[in-house]
Every structure is written in C-alpha cells, then in structure tokens.
Amino acid sequence: MKKLTGNGLWESSRMMLFEHRDAILAKQEQKHKQEHPFLDEQQVEWIAEKLSLAYHNKGAVQLQVFGEYGDYNVTGMVDRIDSFKQRIYIHGSWIPLCDILEALDIDLPS
C-alpha cells in the first residue's frame, strides 16, 4: 500500500484546527440569518395601540417577535411598558418594540 494517495496526503494525518472548525460553523450560521423587516408607520402605531390597550385592560396579547434566526411567538400579559427605552416586559423578559412584528388580542383560559 502506498503512503501517498489521491491528494498526496497521509490519510491518517488529516486534521482540522479548532479555529478552522469555528470559522466554518460561523459561516454556516451567517447563511441562516435573516434581515430585520421594515414596518411602516401605520403598522407601528397599530402595534403600539394594541400593546397599550392590553396593558391598561390587563388583557393577554400574542406577539410575533423578530429573531435573527427565525421569528418566534410570545403570549402573555404586558407587565410593564418602558417608553424611555422603547421596550415592554412580557412573560419574564424585555422585548424591544422595534422587534415586534405583530400583536394580537387573545383570551387566556382561566
């Protein structure tokens, strides 16, 4: 059996450095990222109105939230609104208002 085959390397000496592996994984992740969609002014006002009504009426709301690798849904009651930092506190986490794509009123089961 010859020591050099096909590509001229020892078959048993192939290896990959951690830096190369990390670079390959990072490049694959970049392929799956999505860009932030643009919402017009009317949509933003409609979402703000829904959130405000849900907060004052203690009603539940379902939000579609932008994520870099895919949108996700959050359902619950709006606990706090921080108008200075433009974010809301719902279901145990702060969500920036600019990341909210859609807001729907819902009825939670008692």
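This briefing covers the sheet, its hairpins and a few side-chain contacts.

The model is predicted: local features need pLDDT of at least 70, side-chain atom pairs count only at pLDDT 80 or more, and totals for chains, interfaces and linings use all residues. Residues are numbered from 1 along each chain as its sequence is written, and side-chain values use heavy atoms, with hydrogens and water left out.

**The sheet**

- Five strands form an open sheet, a set of 5 strands in the order β4-β3-β2-β1-β5 with antiparallel pairing.
- β4 (93-96) and β5 (100-106) are the edge strands; each has a single partner strand, so one side of each lacks a neighbour in the sheet.
- From one strand to the next, the twist averages 45 degrees. Angles here run from 0 to 180 degrees between N-to-C directions, with axes as lines fitted to C-alpha atoms.
- Strands (E, at least two residues) are DSSP runs numbered from the N terminus. Two strands pair if DSSP finds at least two bridges between them.

**β1 and β2**

- Strand β1 (residues 60-65) pairs with β2 in the antiparallel sense, over 6 bridges.
- Leu63 faces Val74 of β2 across this pairing. Gln64 stands opposite Asn73 in β2.
- The two strands form a hairpin with 6 residues between them. In its turn, Gly70 has a positive phi of about 145 degrees.

**β2 and β3**

- β2 and β3 run antiparallel and are joined by 4 bridges.
- Ile81 has Ile88 as its bridge partner in β3. Asp82 has Arg87 as its bridge partner in β3.
- Their hairpin has 4 residues between the strands. Gln86 in the turn takes a positive phi of about 55 degrees.

**β3 and β4**

- Antiparallel β3 and β4 are joined by 4 bridges.
- Ile90 stands opposite Ser93 in β4.
- This hairpin has 2 residues between the strands, and His91 takes a positive phi near 55 degrees.

**Two faces of β3**

- In a regular strand, side chains alternate between the two faces of the sheet.
- Strand β3 (residues 87-90) has Ile88 and Ile90 on a covered face. Arg87 and Tyr89 are on the uncovered face.

- Asp82 lies in strand β2 (residues 72-82).
- Asp82 is buried, at a relative accessible area of 17%. Buried means under 20%, exposed over 50%, and partly exposed in between (1.4 Å probe, protein chains only).
- Leaving out residues up to four places away in sequence, Asp82 touches Arg87 and Trp94. Contact means heavy atoms within 4.5 Å.

**Charges over rings**

- The charged end of Arg87 sits over the ring of Trp94, 3.9 Å from its centre.
- Arg80 lies over the face of Tyr89, 4.7 Å from the ring centre.
- A charge counts as over a ring if NZ of Lys or CZ of Arg is within 6 Å of the ring centre and within 35 degrees of the ring normal.
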